[in-house]
Amino acid sequence: VTHIVVDPMTRIEGHLRIEAEIEGGVVTDAWSSSTMFRGIELILQGRDPRDAWVFAQRICGVCTTVHAIASIRAVENAIGASPPPNARLLRNLIMAAQCVHDHVIHFYHLHALDWVDLLSALSADPAAASELMRSISEWPRSEPSYFASVQARLQSLASSGQLGLFANAYFGHPAYQLPPEANLIALAHYLEALDFQREFITLHAVLGGKNPHLQSFLVGGMATPVDPSEPAAITPATLEQLRGLIATAVDFVRQVYLPDLLLIASHYKEWSSHGSGVGNYLVYGDYPLSDEPDAALFFMPGVILDRNLDLVLPVDGSKITEAVTRSWYRYAAGDDQELHPSEGETTPEYTGPTPPYDRLDTDGKYSWLKSPRYDGKPMEVGPLARVLVAYASGHERVRTLVDDALGHLGLERAALCSTLGRVLARGIETLILAEKMRDWVDELAAHIDAGDLQIHDASRWEPASWPAEARGAGFHEAPRGALGHWVNIVDGAIERYQCVVPSTWNAGPRGVAGELGPYEAALLGTPVADTDKPLEILRTVHSFDPCMACAVHLFDASGNALAEVKVQ
Amino acid sequence: VTASAPGPSRHGPPYRAVVLGLGNVLCSDDGAGVVAVQRLRQDYLIPDDVLALDGGTLGLSLLPHVCDAGHLLILDAISARAAPGSVLRFDGDAVGAVLSERLSVHQVGVADLLVAARWLDRSPRRVALLGVVAASTALGFGCSAAVEAQLPRLVRAAARELDLRESGAGP
């Protein structure tokens, strides 16, 4: 018998590495690095732009759909294709479902354990948990016997060493502050959320959109027919199914996710004064509400600078640049340049230490992420940026939900610029998006009733209909924030392709002038009670919803290693 | 990269077998499992009670396809002290061991997917992994020559395990 040693394969999600210096129990400096090269730009060169989205959706293991839509929009923008109204509605529904699904997974399955101590749930009183649950929500699954059964399941898995997903959480850490009953409620909903997401994402299959990868997108529209007389197409019966799934989502978010969020937040209010970050916010805007080129967007676009939460500036795409001064790339005209993505370059040049290493050269280049900037400034993107822009722009539903949440917690609007604010904003936007999906189904139904079955603009499908040279940009407000793809097409083939993704905006390194990126800035001042278990650092990093696994490395002021934590 | 097969109907019966190809096709051999499942669909008849899926690197989003499966067969690239292209088979708990190491507890991968199914009391009845030893996972579309040469073995092994008949469409 041959002895075989098996190691895991590393997936493209890549690796986020945080190095931080700790002095007097707080973070005094921080560096955010991606240690994995992603070079989709190079893979796409020379390909047929109509196929680009199929490749683009593999850029990131967990962000597939969002890259597909950004790519499709960039190519449509370049060649002048106009997807018809039904395609807009189907796309809105598919992307919104993705966002709702991702936010629920993020809250319960990726971020909750930063706040919830599951082992404490073992000592909860199920009757008291039931009473607490009934005081915050109408959700029917709130019997004492239900919470007792969840507790029993936890006990049996814990005693057989099968905590699995939870195995590396920091159980018993002093920074956990929820009472046992709140921890038990959160565990019950962790499990319910698994069931919810499993059911809800079938919405993509119903739309023929994704199973499990997207297949129904098409440059110029959609590939899924809308036709009441065709059983394999989207019919009035399909729309009824969608309405059912959306109603389930609205109920779950309203009666489970948001009450849990407010319950947890009420025990962690001090996190509204940690993790503030750069204070600049960028939203491209998304979810068109009609079909004109300048249609209003449900996620409103805008720029907020220097935490001036009452002033929303318009987005000017020409102000977006990327620098590689601190990144492992070379620019032809010099590494002090800042290039617009339509002129962007991807020439890797690794100058970092040979693995395994203890420390990156944080005085030099230290990341595979570039440094995106807007008008030279680092910008935070994502749910918090969107909620702040929508609030200041007068979005009624956002205002109501934000004011309710802040009132409940006794916080001012400025407190949103924080770790806690990011988590609140994500929950609030999940609800408004789930609610809005109902309107898009109704609109689609009205089109079908009126006999409008068009889903594709084929007028620009043939490369012969394109100009010899074409440039385009495509944008999407992905769950994690503003996403842009830029494409240059020459003689029917991709000549240049650049993506600026949300995690690059948020997790990118220092820029040309040494100014910190959003993660780096947000970590300054974060308290760390136990350097072996930097739970507080994870809270802030996770509040941004990174799409990469995270390792944290801590050093004291003189540069001596304090801890190396690979658990994310 | 091609489109995926149609998926399960929401309330249909559980599948006798689900074969899940995993990995990233933009990272050369890392995508071997995905390429293998695509070849399987091309070269063999997939009956109604078998689901052959390109799972990519989707992690927890694959939960609907894994729950209640009779036999879950995972095709994936692995790293092992064996020649690149070697095809190895793992069963039961060994699958968890092969796939359990992950970059983080919160990066929900395949091992977590199996744990999540267990939490829901909807585990597949049987789990096996057919792995091909990777030569390179560098950025690039398409497998290395060493892995490409052995992919037919991986595909045949999967077909045998699932009792599939050749479609005649293959080479």
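Visitor: Is A:Ser71 buried or exposed?
Guide: A:Ser71 is buried, with a relative accessible area of 1%. Please keep in mind that this is a predicted model.

Visitor: Which helix does A:Ser71 lie in?
Guide: A:Ser71 belongs to helix H3 of chain A, residues 64-79.

Visitor: And what does A:Ser71 touch?
Guide: Leaving out residues up to four places away in sequence, A:Ser71 touches A:Ala52, A:Trp53, A:Ala56, A:His485 and A:Tyr497.

Visitor: Nice. Switching to salt bridges, how many does the structure hold over all chains?
Guide: The count over all chains is 33 salt bridges. As background, side chains of opposite charge can pair when their charged atoms come close.

Visitor: Which residue does A:Asp29 form a salt bridge with?
Guide: The partner of A:Asp29 is A:Arg510, and their closest N and O atoms are 2.7 Å apart. This pair links distant parts of the chain, 481 residues apart. A:Asp29 sits in strand S3 of chain A, while A:Arg510 is in the loop between helix H14 (502-507) and helix H15 (518-523) of chain A.

Visitor: What does strand S3 of chain A pair with?
Guide: Strand S3 (residues 26-34) pairs with strand S2 (residues 15-23) of chain A in the antiparallel sense, over 8 bridges. A:Asp29 is itself the bridge partner of A:Glu21.

Visitor: How many residues sit between S2(A) and S3(A) in that hairpin?
Guide: There are 2 residues between S2(A) and S3(A), and A:Gly24 in the turn has a positive phi of about 60°.

Visitor: What about A:Lys370, which residue is its salt-bridge partner?
Guide: A:Lys370 forms a salt bridge with A:Glu322, the closest N and O atoms being 3.9 Å apart. These two also link distant parts of the chain, at 48 residues apart. A:Lys370 is in the loop between strand S11 (338-339) and strand S12 (371-374) of chain A, and A:Glu322 is in strand S10 (residues 320-323).

Visitor: Are A:Lys370 and A:Glu322 buried or exposed?
Guide: A:Lys370 counts as buried at 6% relative accessibility, and A:Glu322 counts as buried at 4%. Elsewhere, salt bridges that share partners join A:Arg17, A:Glu19, A:Glu21 and A:Arg359 into one network.

Visitor: Last one: what is the strand order in the open sheet with S10 of chain A?
Guide: The open sheet has 3 strands in the order S11-S10-S12 (chain A), with antiparallel pairing. S11 and S12 are the edge strands, each pairing on one side only. S10(A) and S12(A) pair over 4 bridges, and in S12(A) the bridge partner of A:Ala323 is A:Ser371.

Key. Residues numbered from 1 in each chain as written. Chains lettered and ligands numbered in written order. Predicted model: local features only at pLDDT ≥ 70, side-chain atom pairs only at ≥ 80, totals over all residues. Heavy atoms only, no water. Pairing = 2+ DSSP bridges. Buried < 20%, exposed > 50% of the residue type's maximum accessible area, 1.4 Å probe, protein only. Contact = heavy atoms within 4.5 Å. Salt bridge = Lys/Arg side-chain N within 4 Å of Asp/Glu carboxyl O.
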